[in-house]
Amino acid sequence: MTADGAFKPETSLAGQGAALWKFGPSGLENRGQRRAYVPNLNTCNESEYEAAATALSFARATLGPVNLLVLMDSELVVKQLEGIYQTKEAHLKTLAESVKALKKEHTKVVFAAIRRDYNSRADVLSNEAVEKFSGGDERVFEDDEISGEERLELPKDITTDNPQARFAIYAVKRQLRAKLWQSLVDDPSQWWDNRDNKPNPKGPDFTHKESREGLWLDSCPEELLAQVTGL
């Protein structure tokens, strides 16, 4: 999942957004999203904590208890939620405890920080929530079902001090690659075969026609290698 919290200091209005990404034939596809509004927030960090809570509650309602990787662009909040940094402010401690309680409703939850430009969908949702819901005295949320056209590009440089987060990121990337190879075997017509016509010798052997994801034969899973080389 990706999550983000927006806060407008000029109006003291806040909104939260969360997007759910699942493995599809061409990569990580958007399968649902939530806009949320929580009244009486006073800082960006408070909104980011509420965004984390929004992501966990949305995933619980949509998928049930699952293993969940939550990507956010607030490194401070991520490190506080992962226990790397202490949360000293009393009001943030209360919000952190709420997020920890929601974590217990899932099989496993890991947070990791990404750059803002990789978090654009959640950023848009949080700002839409500000425009649509802010100003009331009650919590509000709105969910969208998505057909999967939008895809998430995982950055190559996700960094984290948490070994569990590093393992979770590695596992997601590995599973994503496996899904892409299976997609190639199941429907080669969705891929360009570059093996006999590579402008760049280091370029991918196969490229997905929509997502532009590239695959190299030397990374093909052993159990699919015979099928792939026979294409």
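Visitor: Is R35 buried or exposed, and at what relative accessibility?
Guide: The model is a predicted one. Buried means under 20% relative accessible area. R35 falls below that cut-off and counts as buried, because its relative accessibility is 10%.

Visitor: Which residue meets R35 in a salt bridge?
Guide: The contact is between side chains, with N to O at 2.7 Å. The partner lies in strand 6 (residues 140-144) and R35 in strand 3, so the pair ties together parts that are 109 residues apart in sequence.

Visitor: Which residues are joined with R35 and D144 into one network?
Guide: The network is made by salt bridges that share partners. Besides R35 and D144, the members are E128, K132 and E142.

Visitor: How many salt bridges does the structure hold?
Guide: The structure's total is 16.

Visitor: How many residues apart in sequence are the parts that R116 and D73 tie together?
Guide: The side chains of R116 and D73 meet in a salt bridge of 3.3 Å, N to O. R116 sits in the loop between strand 5 (108-113) and helix 4 (120-133), while D73 sits in the loop between strand 4 (67-72) and helix 2, so the parts they tie together are separated in sequence by 43 residues.

Visitor: Which of these two, R116 or D73, counts as buried?
Guide: The cut-off for buried is under 20% relative accessible area. R116, at 46%, counts as partly exposed. At 16%, the residue that counts as buried is D73.

Visitor: Which residue's side chain has a polar contact of 3.2 Å with the side chain of N30?
Guide: N30 belongs to strand 3 (residues 27-37) and counts as buried, at 0% relative accessibility. A polar atom of its side chain lies 3.0 Å from the backbone nitrogen of G32. The 3.2 Å contact between side chains joins N30 to Q33.

Visitor: What is the area of the nonpolar surface patch made by L76, I84 and Y85?
Guide: L76 lies in helix 2 (residues 75-81). Patch members need over 30% relative accessible area, and L76 is partly exposed at 34%. With I84 and Y85, L76 makes a nonpolar surface patch of about 240 Å².

Definitions and conventions
Residues numbered from 1 in each chain as written. Predicted model: local features only at pLDDT ≥ 70, side-chain atom pairs only at ≥ 80, totals over all residues. Heavy atoms only, no water. Patch = residues over 30% accessible without salt bridge, like charges linked within 9 Å, V, L, I, M, F, W, Y side chains within 5 Å. Areas by Shrake-Rupley, 256 points an atom, 1.4 Å probe, with all protein chains shown as cover. Salt bridge = Lys/Arg side-chain N within 4 Å of Asp/Glu carboxyl O. Helix = DSSP H or I, 4+ residues; strand = E, 2+ residues; numbered from the N terminus. Buried < 20%, exposed > 50% of the residue type's maximum accessible area, 1.4 Å probe, protein only. Polar contact = N/O pair within 3.5 Å; in protein donor to acceptor, adjacent residues only side chain to side chain.
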